[in-house]
Amino acid sequence: MAHDLLLGKNFTPPDVKAKVTGRAKYAEDFRVDGMVFCKLLTSPYPHARVTGIDPSAALAMPGVHGVLTADDVPSFPPPQDPILTNEPLYVGQPILAVAADTEELAAEALERIKVTYEELPFCVDPLASLFPGGAEARTNGNVANPGVDLKSFKWSAKDFANAADGQLPTGAATTEWSFGDVDAGLKSAKLVLDESFVTAGLSHHSLEPRTALAYWQNGKCVVHASSQSQSFPVPGVARLIGIEPQDLAFVAEFCGGGFGSKGGAYPIVAVPAHFAKKINRPVMMRISRHEEYYVGSARAGFQGRIKIGFRADGRVTAIDLFIVQENGPNTGFNDWLSAADAVSLVYQPPAMRFRGVPVLTNTPPRGPQRGPGQNQIAAAIEPLIDKAARQLGVDRVAIRKINAPDDSAKLGAMQGGVTSAHLKDALERGAERFGWTSRLARSGKKTGSKVTGIGVGSAFHPAGGNGFDGLVRLATDGKLYIHTGVGNLGTYSHTVTSRVAAEVLKMNWDNCVVVRGDSRLHLPWNNGQFGSNTSFTMTRTNFAAATDAVAKLKEIAAQDLGGAPEDYEIGNETVYSRSDPQKKLTYAAAAQRAIDLGGKFDGHAVADNLNAMTKASAAGVAGTGLIGVAKDSLPRTGTVPALAAGFIEIELDLETGKFAIVDYLGVADCGTVLHPQGLATQTKSGAVMGIGLATLERHIFDPQNGLPGTVGLLQARPPSYLDVPATMATDAVGVADPQNPVGAKGIGEPVQGCAAAALLCAISDALGGHYFNRTPVVTDMIVNAAAGRAQSHKPLQVNTA
Amino acid sequence: MADDNDGRGYPEPRFDIPTSRATSRRQFIKGVIASSAAVSSAGYLFTLAGCSREQGAARGIERMLMLKVNGQVRPVDVLPNETLAMTLRYKLGLTGTKLGCDRGECGACSVMIDDVVHYSCSTLTHAVRDRAITTIEGLEGPNGELHPVQQAMIDELGPQCGFCTPGQIVSAVALLKANPKPTRDEARHALAGNLCRCGAYDHYLNAVMRAAGSGENVSRA
C-alpha cells in the first residue's frame, strides 16, 4: 500500500502559528484567579541533614500563605529523587517552599526562614568514592542505578595501584556482560588500542525552566506543566501528587524544550499541586534559570577505558569496555549500559566484554539527555577509531564502513537483531555528497595560524517501541479528529505521526484536526516523546486506529448498502462499493450511522486489550461519531536502530584554540522520511547540540566544597549562533523499515552524536592526530595541545573547568 | 476591573511625558478608557497576578505611568525596581515575551524599544516610559496579518519548541528595520544574543533571509 498522499511531504504544523505570534501558552503563561507564587529554599551544601526548620518569622508576614516541607509530601524509597528533602544531596536541592501573594514577597519570606543543617561528607569524583575510605554521596551507599541496588561499593588500593599513569583503574563491576572470545579477539588483532577517557556531565538547560502551576477543582488537580510528553507522564505525576491518574488534568500543550529531562514525571512538578492543596489556592512555581541548573537534570559523565582490537583492514576483532558513570546522587539513568549497547552495534565486534559501575556523586540528579549514553560514547570512541585508522593507514570512512551494522546486525549482551540498519549507506552517501576524498587533500593544510581539519562520525540510538494505543474519531461534520497523547517537544511529531491516520483514511488534510495538549481532551495512552521513538511507535498506533476505522466504515456500508465489507473501498472521504461506486456513504453519513448503531462503532464498546487511559478516553468520546480505537499489535522483532553519519570541515586557529566550522553534512538512516523539513531541522539542530557536547558544555564542581561553577547559560555554554556554521546540509538514506507500516524510524538522537564525533575527529585531524580522550575539548585544551604543553587537568579528573 | 487601572488611590500619579510628545488631558483620558476596555476584553490578566499591591507595600511604591506598547498607550502601576519583562508579562498580559533566564543571557525576553532590541528582563520599566515598546504581540497587522518575518518563520519551520521564537522574531524584525537586506552572516551576528537550545539556528536564519527577500540561500535542506 502506497502512503504518498501526505507522508513525505511538508506541511504547516497546526501549533506553529501560535509559536510565531506569542500566543503559545507555556506553563508560566497561565493565570488563575487567586493564584499565589511559591519559591524554593534550596540547599547551600552538597550533602547535609536538616536539623531544624523555623518558619515562624516568615509565616507572620502579611501576604505569606504557608510553607511546604518534605513532611507535607509523599516520600519514596531511596535512591529515588524526592520532591522535597530533609537530607539534601546536592547544592541547590529543594528543601521547602514558601507561598505568598507575590514572588518577591515569597523571596523575602524565604530569607526569614531559619534552617539549621548538619554537614555530611560529600563526593564529586566517582573514583574518589570508589577508593578505600573515600567519601560516599549518601549515608547508605555510593552506587545505584535502575537495576543496581543502592549500596556501598569500593575498589581495593591495589586496583588503583595496578593502573598506569593516566589509565582508568578497573576494579570490580556492579554489572558485567560479554559475548564471544574477547581475549582471542584482542590477541589476533593487528593493532590493539588501550585508551582511558572522560566525558563530562552537562546540564540540559532547556530554555523554559520547569515552571508549573497547579490548582484543585472538585477533587481533581489541574497541573500546567513543562512536559515534553503528554499522556505518558500522567500516571507518574498522579503518583507524585498522591491521586489516581483519572483525577489529574495534565496540560502540556507547549513545552519549552526538554531534551529528555521532561520526558516522564519529575518530582519538582508536584510541589505546586501539594502546596495548592495545603493552602487551598492556585500556586504558581516559577523556576529560575539558576534553579533549573539544580533541578533541571543533567547528562551523566563517564570515566572509561576501552581496549579495541583491529585487523589490518580496520575491522574490529574485539572490544573490552569499562565505564564508571558519574550518576548524581539518586537513581540516575542507564547511560552506561546504553553506551555499551551502542558500541556493540556501531562497530559490530565479534567479541565484546562490558563492565561498569554507576557511582553516586553530590551533584544534580542525572536523567536522560538526547542520546543518553550513545552520544557520550560516540564522542569518546569515534576519535579513537580515527587513531586506529591513522596507525593502520586505513581511510576513516572506510574503517567505519567495514564495521558498520547492516540488516543482519546484532546488538548488546544478548546479540539481538535489528529491524533495519543502513549506516554503511549513510556513510557512502555522505562521503560522496560531502566530497570526502577531495576534502581530505586539505586536511592539515595551514594558512597562517589556521589549519584545516576534516572529520566523520557515526552514532546510534534505539528508536522505536510498540504496544501503545491510537484513537481517531470521524465526526458527523465529516472531519477526522485524531486524538494523540504525543507531547510537544518541538519536533512536530504529534502531527507528523497523526498524518498517518489521515493517510490511511485517505483524508483531505484540511478536514483533519489534531486533538492534543490536555489530558481532559480524551487522549489515548501513548509513549513519551523520548528515545527517538515517536516516529516509529506512534505511526503504528495511528495506523492501527485508522485501520480499525476503515474496517468499521466498510462494515457500516455493507450493513446499509448490502454485500460484504470486503466489497467496499474508501476514497474521497466516502466508503463506496467496488463494483458500483455510486453505492456509497460519505464519512459524515457513516459517522451518523455509527452513532445510530452504537456499540463498537461509536466507541461504546472497545477492545479489552486497550490501556485504561485509552478506554476512559474512548468512553469520553463515545456516541460522537465513528470511533477508531486500537492497540498497536503489529509484530516487532528486534531493536529499531536510528543511525546517522556526520561530515565536517573546520578551520582551527592554533593560536587561539578557536575553530570555525566551514561545512557540515548530516545523513540520517531513519527509514522512510515522513516530514522532510522536520528531518532537516532535527538533523541540523541535533548537530548544534553535538557541537555543544563536543566543545563547550560541561559541569564544573569545586572538589573542595562541592560548589557548582556552571549555574548560568554563559558559564555552561550551550551553543549560540556564532558557535555553529551559518549553513548546514542534510540528507537521508530513505530506505523503509520493514517493521513499520509506513517504513518510518526515529532519528532525533544520533544526529547529535554523529556531529559531536565528527567535530572531535576534525579537531584531532587538524592537530595532526592529537587525541584528547575527553569531552568537551575546550579552547584552552586546543591551545595547550597545539603548543605541546601539558593540560591543566589530570587525565581522569572530572568536573574540571 | 477598570477601577484597578485608573490610578485612583495613588498619590500624585506622575505622567512624565516630554512636552514635544505631550498628550492633552482629554486625549489622555480617552486613551485610558480605550486601553482599559481593550485590556478588559483580554481577560483579567491586567490586574491579577504578580507584582500587585502587596508588593508595593514590601518593596516601595508603585507609580502609574503611561507605557507605549504595541502602538497603544497603556496605563500601568510600576514598582521602582520592576523589569519591563515583568510588567509586560504580569501586568499587561503580554506573555509572548518569555523569561528564559531573567538575567540577560538568553534573549527570550527580547523586545524592541524605539526599534532597537533590548532584553526586557534587564530593562527597568520606569526607564522606558515615553519610549515605543514593541513586543511579539505587536508585530501582526491590524487584521491579524502576520509580519513577513513571522510568515517566513512558518514557511521555513523556524521554531522547534518555540520558547525562544518570540525573541528571535523580534530581533530579526529589528535587524530588518536597521538593515533591510542583511547578508546571512550579518543576520547571524544580529541574532547572536538569542539562544536557542533546540539549536534551530539554521532554519531561523533561513526565515530571516526569506523575510528579507534576498536571493541568498534560503532552504537547502
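Predicted model: local features only at pLDDT ≥ 70, side-chain atom pairs only at ≥ 80, totals over all residues.
Two residues are taken to be in contact if their C-beta atoms, placed from the backbone, lie within 7 Å. On this basis, the buried residues of helix 3 of chain B pack against strand 2 (72-78) and strand 3 (110-113) of chain B.

The buried set comprises L84(B), A85(B), M86(B), T87(B), L88(B), R89(B), Y90(B) and K91(B). After the helix comes G93(B), which has a positive phi, near 70°.

In its secondary structure, chain B contains 7 helices and 5 strands. Read from the N terminus, these elements follow the order α-α-β-β-α-β-β-β-α-α-α-α. Chain B has 221 residues, of which 52% count as buried. When contacts in chain B between residues at least 6 apart in sequence are considered, 63% of them join residues at least 24 apart.

Chain B is divided into two parts, domain 1 (2-138) and domain 2 (148-211). Contact between them involves 15 residues of domain 1 of chain B and 13 residues of domain 2 of chain B. On the side of domain 1 of chain B that touches domain 2 of chain B, the elements giving two or more residues are strand 3 and strand 4 (116-119) of chain B. Strand 3 of chain B supplies the largest share of that side, with 3 residues. By class, this side of domain 1 of chain B holds 8 nonpolar, 5 polar and 2 charged residues.

The domain assignment of chain A gives domain 1 (27-120 + 207-295), domain 2 (298-464 + 638-787) and domain 3 (466-631). The C-alpha centres of domain 1 and domain 2 of chain A are 36 Å apart. Their contact takes 17 residues from domain 1 of chain A and 20 residues from domain 2 of chain A. The side of domain 1 of chain A that touches domain 2 of chain A consists of 8 nonpolar, 7 polar and 2 charged residues.

An open sheet in chain A is formed by 7 strands in the order 3-4-1-14-11-12-13, with mixed pairing. Strand 3 (64-69) and strand 13 (248-251) of chain A stand at the edges; each has a single partner strand, so one side of each is left without a neighbour in the sheet. From one strand to the next, the twist averages 20°. Within the sheet, strand 11 (residues 212-217) and strand 12 (residues 220-224) of chain A run antiparallel and are joined by 5 bridges. In this pair, Y215(A) stands opposite V222(A) of strand 12 of chain A. Helix 7 (residues 234-241) of chain A packs on the sheet, where it touches strand 12 and strand 13 of chain A, and its direction makes about 125° with that of strand 13 of chain A. Helix 8 (residues 271-279) of chain A lies across several strands, among them strand 1 (36-42), strand 4 (94-100) and strand 14 (283-285) of chain A, and runs at about 40° to strand 11 of chain A.

In soluble globular proteins, nonpolar side chains tend to be buried together. The largest nonpolar core has 313 residues, and those with the most contacts inside it are V98(A), V223(A) and V237(A). Helix 21 (residues 750-766) of chain A contributes the largest share of this core, 12 residues. Apart from neighbours within four places in sequence, V98(A) is in contact with residues including C38(A), A58(A), V64(A), A106(A) and I113(A).

M352(A) is located in strand 18 (residues 352-359) of chain A. Residues up to four places away in sequence being set aside, M352(A) touches S178(A), F179(A), G180(A), V182(A), A318(A), I319(A) and S344(A). The C-alpha atoms of M352(A) and K307(A) are separated by 9.7 Å, although the two residues are 45 residues apart along the chain.

Between the chains, 56 residues of chain A are in contact with 52 residues of chain B. Elements giving two or more residues to this side of chain A include helix 1 (16-21), helix 3 (103-111) and strand 30 (729-732) of chain A. Helix 19 of chain A gives the most, with 9 residues. The side of chain A that touches chain B divides into 24 nonpolar, 20 polar and 12 charged residues.

Conventions. Residues numbered from 1 in each chain as written. Chains lettered and ligands numbered in written order. Core = buried A, V, L, I, M, F, W, Y, C linked by C-beta atoms within 7 Å. Buried ≥ 20, exposed ≤ 12 C-beta atoms within 10 Å, placed from the backbone. Helix = DSSP H or I, 4+ residues; strand = E, 2+ residues; numbered from the N terminus. Pairing = 2+ DSSP bridges. Axes fitted to C-alpha atoms, helices over the stretch in contact; angles between N-to-C directions. Domains from an automatic or database assignment. Nonpolar A, V, L, I, M, F, W, Y, C, P; charged D, E, K, R; others polar.
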